[in-house]
Amino acid sequence: MAVSASASLSKAVKQQYMELPQGGKVQAMYIWIDGTGEGLRCKTRTLDSEPKSIEDLPEWNFDGSSTYQAEGSNSDMYLLPAAMFRDPFRKDPNKLVLCEVLKYNRKPAESNLRITCKKVMDMVTDQHPWFGMEQEYTILGTDGHPFGWPSNGFPGPQGPYYCGVGADKAYGRDIVEAHYRACLYAGVNICGTNAEVMPAQWEFQVGPCEGIDMGDHLWVARFILHRVCEDFGVVASFDPKPIPGNWNGAGCHTNVSTKEMREEGGLKAIEDAIEKLGKRHRYHIRAYDPKGGLDNARRLTGHHETSNIHEFSAGVANRGASIRIPRSVGQEKKGYFEDRRPSANCDPYGVTEALIRTCLLSEEGDEPTDY
């Protein structure tokens, strides 16, 4: 099993230093999305006192030519603090700070989808849109081979692994448990976790989150997962189809509910939203992975609990449809629906923004409206 060299460094020795007092200073780790739209970067600065709100955090900058975000001749980019969490690695009073990225001219970087998402969410605050996202991922060794799989073969076929228990069924539970507790400590609204259909594949759920919080909390949960995996010497992959062939891909099913959908007779609002989504399938597929649909084309084949990428479908309790209405929602005639199309490596800002534009702002066509 290929694990990183740094995983073999003594964590007990490191802990001696982590227990030293900080002299009243605070470490703030600034986190941002790089130019790929899916990679995360971070760096730390010292603050003189514990920040109580975003307003207490200074702007910062970084070299965008090393993150696929600028060229070397004009490489300064700005980091604007957007959301703050407790730091589960350095512990209180230290902070994790999720940032937006602006270019040298103070315009948003191409990968900064938060800025338009926030604008769209602010237009529908009276409708209280709630989201819950189910983040699937695969644990890999540093050689790219799934964790726990035989070095030159495959484990037994899918069947016993989903929500499985036992050393021959659950591969890497320590990572899942560490990540779950770290998210709770940080203040991430994580609401559950389970082993997935493919061995070494897992899922955690974040939500319900209202508006822009969905993207903020999911990105920080992903960052925490990458850091936990780093400590264990393995890699968390959000590739939507890490292993070709008869193995499940990885998605990020997105559950959506508005105030109207949660009230008596809300099923009508759910059906209206699904009808609008059906007329805008191509726009959503483009928004649901960082490569405009190319990543998802490997996953959305119509097999392995997915719909076909070229066709829109909806159904009650149907895991082969684009949109699933849970059976309980069909019975209670209110609640939420699940969009099963987003890829595991989607940008939650882009996904939730697209859903609001279509379902609540009633946009049509293949391009978003400019407000």
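Q: How do the residues of the lining of the largest cavity divide into nonpolar, polar and charged?
A: This is a predicted model, in which local features need pLDDT of at least 70, side-chain atom pairs count only at pLDDT 80 or more, and totals for chains, interfaces and linings use all residues. Residues are numbered from 1 along each chain as its sequence is written, and side-chain values use heavy atoms, with hydrogens and water left out. For the classes, Ala, Val, Leu, Ile, Met, Phe, Trp, Tyr, Cys and Pro count as nonpolar, Asp, Glu, Lys and Arg as charged, and the others, Gly among them, as polar. The lining of the largest cavity then comes to six nonpolar, two polar and two charged residues.

Q: Which strand gives the largest share of the lining of the largest cavity?
A: On a 1 Å grid over the protein atoms alone, a cavity is a set of points where a 1.4 Å probe fits but cannot get out, a pocket is an open set with protein on both sides within 12 Å along at least five of seven lines, and lining residues have an atom within 4 Å of a point. The lining of the largest cavity includes L98, C99, E100 and V101, along with I33 and Y349. Helices (H or I, at least four residues) and strands (E, at least two) are DSSP runs, numbered from the N terminus. Four residues, the largest share, come from strand β5 (residues 95-102).

Q: What volume does the second largest cavity have?
A: A volume is the space filled by probe spheres set on the grid points, which are joined across faces, edges and corners. Among the residues lining the second largest cavity are Y161, K169, M198 and W202, and by class its lining has eight nonpolar, one polar and two charged residues. The volume of the second largest cavity is about 30 Å³.

Q: Why does the largest pocket lie between domain 1 and domain 2?
A: The largest pocket holds about 740 Å³ of space. Of its 31 lining residues, the closest to the centre are E110, L113, T116, G350 and E353, and the elements giving two or more residues to the lining are α2 (114-123), α7 (281-287) and α10 (348-359). Domain bounds come from an automatic or database domain assignment. The largest pocket lies between the two domains because its lining has residues from both domain 1 (23-111) and domain 2 (121-360).

Q: Which elements give two or more residues to the lining of the second largest pocket?
A: The second largest pocket has a volume of about 400 Å³, and its lining divides into seven nonpolar, two polar and seven charged residues. Of the 16 lining residues, Q15, P88, F89, K91 and D231 lie nearest the centre. The elements that give two or more residues to this lining are α1 (11-18), α3 (173-186) and α4 (213-232).

Q: Is E338 buried or exposed?
A: E338 is found in strand β13 (residues 337-339). A polar contact is a pair of N or O atoms within 3.5 Å; within protein, one must be able to donate a hydrogen and the other to accept it, and residues adjacent in sequence count only if both atoms are side-chain atoms. The E338 side chain makes such contacts with the side chain of R324 at 2.6 Å and with that of R340 at 3.1 Å. Buried means under 20% relative accessible area, exposed over 50% and partly exposed in between (1.4 Å probe, protein chains only), so at 1% E338 counts as buried.

Q: Where is P208 found?
A: A cis peptide bond joins G207 and P208, with omega of about -5 degrees. Another cis peptide bond joins D92 and P93, with omega of about 5 degrees, and P93 lies in the loop between β4 (76-86) and β5. P208, in turn, has its place in strand β8 (residues 201-210).

Q: What relative accessible area does K333 have?
A: K333 is found in the loop between α9 (327-332) and β13. Although K333 is not a glycine, it has a positive phi of about 65 degrees. K333 is partly exposed, with a relative accessible area of 45%.
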